Amino acid sequence: MESIATVELAVWAGMTGALAVLCLVAMADCLVQRTVASVRGLAFLIMMGGGVIALSGFPEQLFPELDNANYLPLKVAIGPLSAALALRYLGVWLGTEREDALTRWTVQVACVVLVLLSVATFFAARRFEPHNVLMSAGGIYLAMVGVAMFISARAAALGDSLARWMVLACVFLWLAVMGLVAKSIELPGLGLMTWVLTAFATVAYFLIVIALTIQRTREMRRLQLLAKGVVAQDFNIPMPQGSQLIPRVADVMWRSQRMERPCVVAAIAVRNLYELADELGHGVEIEILAVLAARIRRHVGFRNVVGLYHPRCFVLAVSSGQDPRRGELFVQSLLTSIRSSVRVGPPDQRFDFWPAVGMGVVQVEHSPMEALAAIDRAEQLAIEDLHIEDLLSRPLDMDSVPQVR
């Protein structure tokens, strides 16, 4: 029995050490980067890691003299607080909190409830049996994991490719919480293998979350630099092109129809794409398209479809699973962003390129409109918008104005 207890202690010590190493790495990143994202990652690791370690019972094993009467309230209260922080950061990371009304409402309500439950469990731990309090805390943890899995799955259904891996992370978190709750209430019949799997699931959850956070931060940073026209090593923006766009747009329309909400299919036509070809040579349009694609992607998010129908026409489809008001509000701000100047060319020969763009928007209701027809109609409206801009910007010919005598 003593050897099993020693191995079990080693398992929890290994899990704690792994979490401590991750916190140190996050702290170093925070000191080097000095960004909001790095501070957010460090706070997440400290709070969630602290909650996991407290629930594991490792502090009691390491310090047997620990007063359980004073430690138990802290042990059960830190869990809901860390869960509220994790849900808040998950909504920020997914981006659907500002785009999807249901996700925004779910995260806000869940965070308020978790904070209230943290206060309630803190005082309940001083009045009720520890076993009952720990059981209640375990139920809170599992409910939080369910909410996190729901909003991650919803983001994946709305088109976020990284959200699918976050769902996997939530599965590991569910396994970890199940094992930690069983450990805290001393559920009989569970052997050493259960604790090994629990420790593995815990570390796997944090590793996946950190890897996803790093990748999303890197994507956002690269899009930010490209959108400002800062020269990068390459100008490749992964997006569907040509005929590849049609099934992607059709998928958005099908998903919107299934949710019984409209979606927006828009086309952005760039008239003067090859304007600087004589000064800088052919190929400068690739740099221009990369900057414009980065601006569009930053504006519409990672869940929506953005593609290049042909070199002078972008097409985007905004999922109606999000807030339907966005289809009416995003057009003007997107055009303002796209029409700002782009610095292109080699470092010793930089030119300001001012995109001349027109935008056509088609709001697809519940009718079974085909994707190709929606794209073609949006492109036609974008070209008409360009003609209107030409007429408005054309100087008035006074000779052609009738004179009133």
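The model is predicted, so local features need pLDDT of at least 70 and side-chain atom pairs count only at pLDDT 80 or more, while totals for chains, interfaces and linings use all residues. Residues are numbered from 1 along each chain as its sequence is written, and side-chain values use heavy atoms, with hydrogens and water left out.

**Helices H8 and H9**

- Helix H8 (residues 163-184) and helix H9 (residues 192-227) pack at an angle of about 150°, with their axes 8 Å apart; helices here are DSSP runs of H or I with at least four residues, numbered from the N terminus, and axes are lines fitted to C-alpha atoms over the stretch in contact, with angles running from 0 to 180 degrees between N-to-C directions.
- Where the helices meet, with contact meaning heavy atoms within 4.5 Å, the residues of H8 include Trp 165, Phe 172 and Lys 183, and those of H9 include Trp 195, Phe 200 and Leu 212.

**Aromatic pairs**

- The count comes to 3 aromatic pairs, where rings of Phe, Tyr and Trp (its six-membered ring) pair if their centres lie within 6.5 Å, and planes under 30 degrees apart count as stacked, over 60 as edge-to-face and the rest as tilted.
- One of them joins Phe 122 and Phe 123, whose ring centres are 5.4 Å apart with planes at 90°, so this pair is edge-to-face.
- Phe 172 and Phe 200 form another edge-to-face pair, at 6.1 Å centre to centre and 80° between the planes.
- Because Phe 172 lies in helix H8 and Phe 200 in helix H9, their pair ties together parts that are 28 residues apart in sequence.

Definitions and conventions
Helices (H or I, at least four residues) and strands (E, at least two) are DSSP runs, numbered from the N terminus.
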